Amino acid sequence: RIPNHDRIPCRPGGDCGDDNRCGAVGHTNCKTGEEDAFGSVFEAYELWNPQICSADTDRDGLTNGDELGDPCCNWNVGQTPSVRSKLSHPAASGSKHDRASCLLGGAPTPSAITVTLALSSSGSVQVTWRSS
């Protein structure tokens, strides 16, 4: 689970129906199928955590936590996220908001996260990233 899983807007040009909500965040079409950059990073951990939260998988200058309503990266499954509006899609750089980012542990949110995806011949995905 991710914060606001039922409130994330559809990626620009996505096929999300009348409510414009992405029912399967982490998949390229917001329904099922191929994973996007956020989905690959999330699958590596399988649970929302500070590493996923502080990453910027779509390189739009907002962390995944900023986009999903957990700007301080302190949300846990079962809690109501601290932010419930002005959400954006964590794998679509054209989906942004203008809400200010939170500071993590007194340090600024990382300004850049480089995510590298590698598909092996066996079909598994290796995800690596580094912050700068």
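This is a predicted model: local features need pLDDT of at least 70, side-chain atom pairs count only at pLDDT 80 or more; totals for chains, interfaces and linings use all residues.
Residues are numbered from 1 along each chain as its sequence is written, and side-chain values use heavy atoms, with hydrogens and water left out. The chain has 3 helices and 2 strands, running α-α-α-β-β from the N terminus. Helices (H or I, at least four residues) and strands (E, at least two) are DSSP runs, numbered from the N terminus.

**Overall numbers**

- Of the 132 residues in the chain, 43% are buried; buried means under 20% relative accessible area, exposed over 50%, and partly exposed in between (1.4 Å probe, protein chains only).
- The accessible surface comes to about 7100 Å², with 47% of that belonging to carbon and sulfur atoms; the areas come from the Shrake-Rupley method with a 1.4 Å probe, and for residues only the protein chains shown count as cover.
- Take the contacts (heavy atoms within 4.5 Å) between residues at least 6 apart in sequence: 43% of them join residues at least 24 apart.

**Helix α1 and its ends**

- Helix α1 covers residues 37–45, and its buried residues are Phe38, Gly39, Ser40, Val41 and Phe42.
- Asp36 caps the N-terminal end of α1, with a side-chain oxygen 3.1 Å from the backbone nitrogen of Phe38.
- After α1 comes Glu46, which has a positive phi, near 65°.

**The aromatic pair**

- A search of the whole structure turns up 1 aromatic pair. Rings of Phe, Tyr and Trp (its six-membered ring) pair if their centres lie within 6.5 Å; planes under 30 degrees apart count as stacked, over 60 as edge-to-face and the rest as tilted.
- The pair is Phe38 with Phe42, and it is stacked, at 6.0 Å centre to centre and 25° between the planes.
- Phe38 and Phe42 sit about one helical turn apart because they are 4 residues apart in helix α1.
- Both Phe38 and Phe42 are buried.

**The largest nonpolar core**

- A nonpolar core is a set of buried Ala, Val, Leu, Ile, Met, Phe, Trp, Tyr and Cys residues joined through side-chain atoms within 4.5 Å.
- The largest one has 19 residues, and Ile2, Val25, Phe38, Trp48, Ile52 and Leu68 touch the most other members.
- Helices α1 and α2 (50–54) each supply at least two residues of this core, and the largest share, 3 residues, comes from α1.
- Leaving out residues up to four places away in sequence, Trp48 touches a list that includes Ile2, Phe38, Phe42, Cys53, Leu68 and Trp75.

**Buried residues in the loops**

- Thr57 is in the loop between α2 and α3, and it counts as buried because its relative accessibility is 8%.
- The side chain of Thr57 makes a polar contact with the side chain of Asn64 at 3.0 Å. A polar contact is a pair of N or O atoms within 3.5 Å; within protein, one must be able to donate a hydrogen and the other to accept it, and residues adjacent in sequence count only if both atoms are side-chain atoms.
- The Thr57 side chain also reaches the backbone oxygen of Pro90, at 2.6 Å.
- Asp60 is in the loop between α2 and α3 too, and a polar atom of the Asp60 side chain lies 3.0 Å from the backbone nitrogen of Leu62.
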